[in-house]
Amino acid sequence: MSDTHISDSVFYIGVSDRTLDLFESQYPIPDGVTYNSYVILDEKTAVLDTVDVRASEQWFANLEQALAGEPVDYLVISHMEPDHAANIERFAKMHPEAKLVGNAKTFGMIRQFFDFDLENRKIEVKEGDTLSLGKHVLQFFMAPMVHWPEVMVTYEQTEKILFSADGFGRFGMMDSGEEWGEEAARYYLNIVGKYGVQVQALLKKAANLDIQIICPLHGPVLKENLEYYLKLYQIWSTYQPEQHGVLIAYASIHGNTAKAAKRLAGILEEQGEKQVEVLDLSRADMSFAVRKAFYYDRMVVAAATYDGGVFPCMEEFLLHIRSKNYQKRTVGIVENGSWAPMAGKVMRGILESMKEVVVLEPTVTVKSALKDTDLAGMQALARALVSVG
């Protein structure tokens with residue numbers, strides 16, 4: 001367990017998991033993930049969230065060590081996703097004196113996941129309600145669809161700590177030493193990214209609080225330079241790009257579309273574009289590709305025609321970014337096809353269904369392999385992209 005002391009009265013009792021390969025069975029986590037949980041010791045004792053079933057034994061050991069024989073008065077349930085809520089029933093049986101604190105939607109979900117008697121055990125809270133522990137006072141704010149409908153955050157008024165549920169979480173360990181932003185961005189954009197409007201609503205609530213520490217349910221506790229984290233959440237939740245540049249995402253079968261994509265990158269650089277990144281969608285993990293798409297202000301999608309449509313990894317990529325509310329970007333299209341190029345039509349159709357995405361005209365068509373005769377179209381596309389930037 002990492003350093004357990006957040007303050008003299010607030011303790012970290014979470015667990016690090018370096019053995020899980022795919023978070024939520026889809027996102028690679030080469031540096032693992034943490035399941036965070038906290039205890040506040042006062043006249044009344046509150047535990048904030050449990051952990052994933054994979055970490056149960058270590059979590060219960062951490063909990064008992066922090067309690068040092070003291071009873072638990074409250075279990076605050078921020079989020080019912082199993083990586084945080086798996087041990088609610090077991091906890092309730094081990095600590096029959098404890099009340100469960102949640103909102104109306106929380107208790108509806110508890111009944112879906114578990115089958116134990118909640119009567120006389122629950123404290124149902126609403127927006128702005130408070131719960132006194134003695135010197136510490138918990139205040140609850142609803143955060144629906146960040147990123148489940150029952151989510152709420154807890155603000156501890158005395159030490160000015162925001163227990164932020166999945167907000168401000170990231171992949172990786174508590175003390176990885178790596179720059180926070182990249183894995184936090186990949187976490188946010190893939191998991192919470194669809195719900196920018198709801199995140200904005202939560203940020204507006206947070207703006208009215210004096211927050212000195214942020215305690216998320218994944219990743220490190222944030223104690224310094226909180227403006228940096230809040231600024232990034234403002235950017236991500238309003239779908240603003242972080243970098244002035246062009247991502248060229250390609251899907252190539254035999255390498256010819258890849259050559260066209262790389263040639264376009266060279267043309268862009270010749271025309272003065274300083275930041276160009278080329279990404280092979282056949283080999284890049286989708287969660288990293290989604291993060292890259294949101295990072296830049298412009299993008300080119302280049303793909304081969306396949307079965308009368310578009311090569312599958314490109315279609316998957318476009319559907320992924322659409323599902324995460326990709327918007328406020330300019331996109332160019334390069335298609336390839338040996339007898340009946342159709343990739344461009346399919347890609348354009350998906351892109352034009354996205355909010356505030358400008359799709360440049362015309363589509364650049366390569367037939368089989370890039371020829372000198374194709375360069376005029378590539379140069380025109382590059383000029384259009386540079387002029388937008």
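Which unit do E20, helix H11 and E21 make, and is it right-handed or left-handed? Before the answer, one caution is in order: the model is a predicted one, and what follows should be read with that in mind. Strand E20, which covers residues 329–336, helix H11, which covers residues 343–351, and strand E21 together make a β-α-β unit that is right-handed.

The pairing of E20 can be followed from one partner strand to the next. With strand E18, which spans residues 296–306, E20 pairs in the parallel sense over 7 bridges, and within this pairing Glu 335 of E20 is the bridge partner of Ala 303. Strand E21, made of residues 357–359, runs parallel to E20 and is joined to it by 3 bridges; here Val 357 in E21 is the bridge partner of Arg 329. Strand E22, residues 364–366, also pairs with E20 in the parallel sense, over 3 bridges, and in that strand Val 366 stands opposite Asn 336.

Strand E18 comes up again when one turns to the open space in the model. The largest pocket has a volume of about 320 Å³, and 17 residues line it, with Ile 253, Ala 304, Thr 305, Gly 337 and Ser 338 lying nearest its centre. Helix H8 (256–270) and strand E18 each supply at least two residues of this lining, and E18 gives the most to it, with 3 residues.

A pair of aromatic rings is described by the distance of the centres and the angle of the planes. In this model the count comes to 22 aromatic pairs. One of them is formed by Tyr 27 and Phe 171, a tilted pair with 6.5 Å centre to centre and 40° between the planes. This pair links distant parts of the chain, for Tyr 27 belongs to strand E4 (residues 27–28) and Phe 171 to the loop between strand E14 (161–163) and helix H5 (180–192), 144 residues apart. Both Tyr 27 and Phe 171 are buried.

Tyr 239 and Phe 294 form another pair, which counts as tilted because the ring centres are 6.4 Å apart and the planes stand at 40°. Since Tyr 239 lies in the loop between helix H7 (226–237) and strand E16 (243–251), and Phe 294 lies in helix H9 (residues 286–295), the pair ties together parts that are 55 residues apart in sequence. Tyr 239 counts as buried because its relative accessibility is 5%, and Phe 294 counts as buried because its relative accessibility is 4%.

Aromatic rings also gather in a cluster, formed by Phe 168, Trp 180, Tyr 188, Tyr 228, Tyr 229, Tyr 233 and Trp 236. Finally, charged side chains lie over rings: Arg 186 lies over the face of Phe 288, at 4.1 Å from the ring centre, and the charged end of Lys 292 sits over the ring of Tyr 295, 5.9 Å from its centre.

Technical notes:
Residues are numbered from 1 along each chain as its sequence is written. This is a predicted model: local features need pLDDT of at least 70, side-chain atom pairs count only at pLDDT 80 or more; totals for chains, interfaces and linings use all residues. Side-chain values use heavy atoms; hydrogens and water are left out. Two strands pair if DSSP finds at least two bridges between them. Helices (H or I, at least four residues) and strands (E, at least two) are DSSP runs, numbered from the N terminus. A crossover is right-handed if, with the strands pointing away from the viewer, the path from the first strand over the helix to the second runs clockwise. Rings of Phe, Tyr and Trp (its six-membered ring) pair if their centres lie within 6.5 Å; planes under 30 degrees apart count as stacked, over 60 as edge-to-face and the rest as tilted. Buried means under 20% relative accessible area, exposed over 50%, partly exposed in between (1.4 Å probe, protein chains only). A charge sits over a ring if NZ of Lys or CZ of Arg is within 6 Å of the ring centre and within 35 degrees of the ring normal. On a 1 Å grid over the protein atoms alone, a cavity is a set of points where a 1.4 Å probe fits but cannot get out, and a pocket is an open set with protein on both sides within 12 Å along at least five of seven lines; lining residues have an atom within 4 Å of a point. Grid points are joined across faces, edges and corners, and a volume is the space filled by probe spheres set on the points.
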